[in-house]
Amino acid sequence: MKVYFIADLHFGHRKIIGFDNRPWDSLQSMEAEMIRRWNERVTDRDHVFIVGDFCAFSSMSHAAAILRRLKGHKHLIRGNHDLREPVFDSFFEDVSDYRQITVRAFGEKQNLVLCHYFRPFFRGARQGGIHLYGHTHNSRVAEMEERFQRFLGWAGIQCEAYNVGAFRLDYTPRTLEEIIGIYRPDLRIRGKV
């Protein structure tokens, strides 16, 4: 069993292709490829934490059809675009706005805080926790979040946080080790990833 993370899939959202500069020319081709990448990676035993915006501007029937096709145990950390209907929630193992979990990474237990929105002063940050979030895509706000993290580090305040938006993860659910490797390739050189 593996644990994966991803945010901002935006199933059902035609305009996201232009907004994120996604490499598809239609909603149908985007959705088909994202489903293929998900199912190529995730097994029925695995757990996937969707850190918000699984869908956007989608009908309940369309979201349900997509969810039925995706492998694994799906957990939703609700985003601003996700449907707020009991039927939608029933397709997930659980649904919350904020979640704390522990996973194994690099052979050790790692505490995570999952929230769709960037929270620089999250619970456990000073004890080496990691925050996974989404929401800001590839915007100026996302750049500001990353600069703010660097400023906090310069000031001696721990804030290890990673934007796990789909476009940053090649539209594929990733493990925590893979996410850290994407953001911190220097760890690969030292043999950590």
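**Salt bridges, sheet and helix packing**

Arginine 78 counts as buried, at 12% relative accessibility (buried means under 20% relative accessible area, exposed over 50%, partly exposed in between, with a 1.4 Å probe and protein chains only). The model is predicted, so that local features need pLDDT of at least 70 and side-chain atom pairs count only at pLDDT 80 or more, while totals for chains, interfaces and linings use all residues. Residues are numbered from 1 along each chain as its sequence is written, and side-chain values use heavy atoms, with hydrogens and water left out.

Arginine 78 forms a salt bridge with aspartate 89, with the closest N and O atoms 3.2 Å apart (a salt bridge is a side-chain nitrogen of Lys or Arg within 4 Å of a carboxyl oxygen of Asp or Glu). This pair links distant parts of the chain, 11 residues apart: arginine 78 lies in the loop between E3 and H4, and aspartate 89 in helix H4 (residues 86–89). Helices (H or I, at least four residues) and strands (E, at least two) are DSSP runs, numbered from the N terminus. Aspartate 89 is partly exposed, at a relative accessible area of 23%.

The structure holds 12 salt bridges. In one of them, the side chains of glutamate 33 and arginine 37 meet at 2.8 Å, N to O. These two residues of helix H2 are 4 residues apart and therefore separated by about one helical turn. Both glutamate 33 and arginine 37 are buried. In helix H5 (residues 140–154), arginine 147 and glutamate 143 are likewise 4 residues apart, or about one helical turn. Their salt bridge has its closest N and O atoms 3.5 Å apart. Arginine 147 is partly exposed at 46% relative accessibility, and glutamate 143 is partly exposed at 39%. Salt bridges with shared partners join Glu33, Arg36, Arg37, Glu40 and Asp170 into one network.

An open sheet of 4 strands runs in the order E1-E2-E3-E4 with parallel pairing (two strands pair if DSSP finds at least two bridges between them). Strand E1 (3–6) and strand E4 (94–96) are the edge strands, each pairing on one side only. Strand E2 (residues 47–50) pairs with strand E3 (residues 73–77) in the parallel sense over 4 bridges. Leucine 76 in E3 is the bridge partner of isoleucine 50.

Helix H2 (residues 27–41) packs against helix H3 (residues 60–69) at an angle of about 30°, with the axes 10 Å apart. Axes are lines fitted to C-alpha atoms, for helices over the stretch in contact, and angles run from 0 to 180 degrees between N-to-C directions. The contact (heavy atoms within 4.5 Å) is made by Glu31, Ile35 and Asn39 of H2 and by His62, Ile66 and Arg69 of H3.
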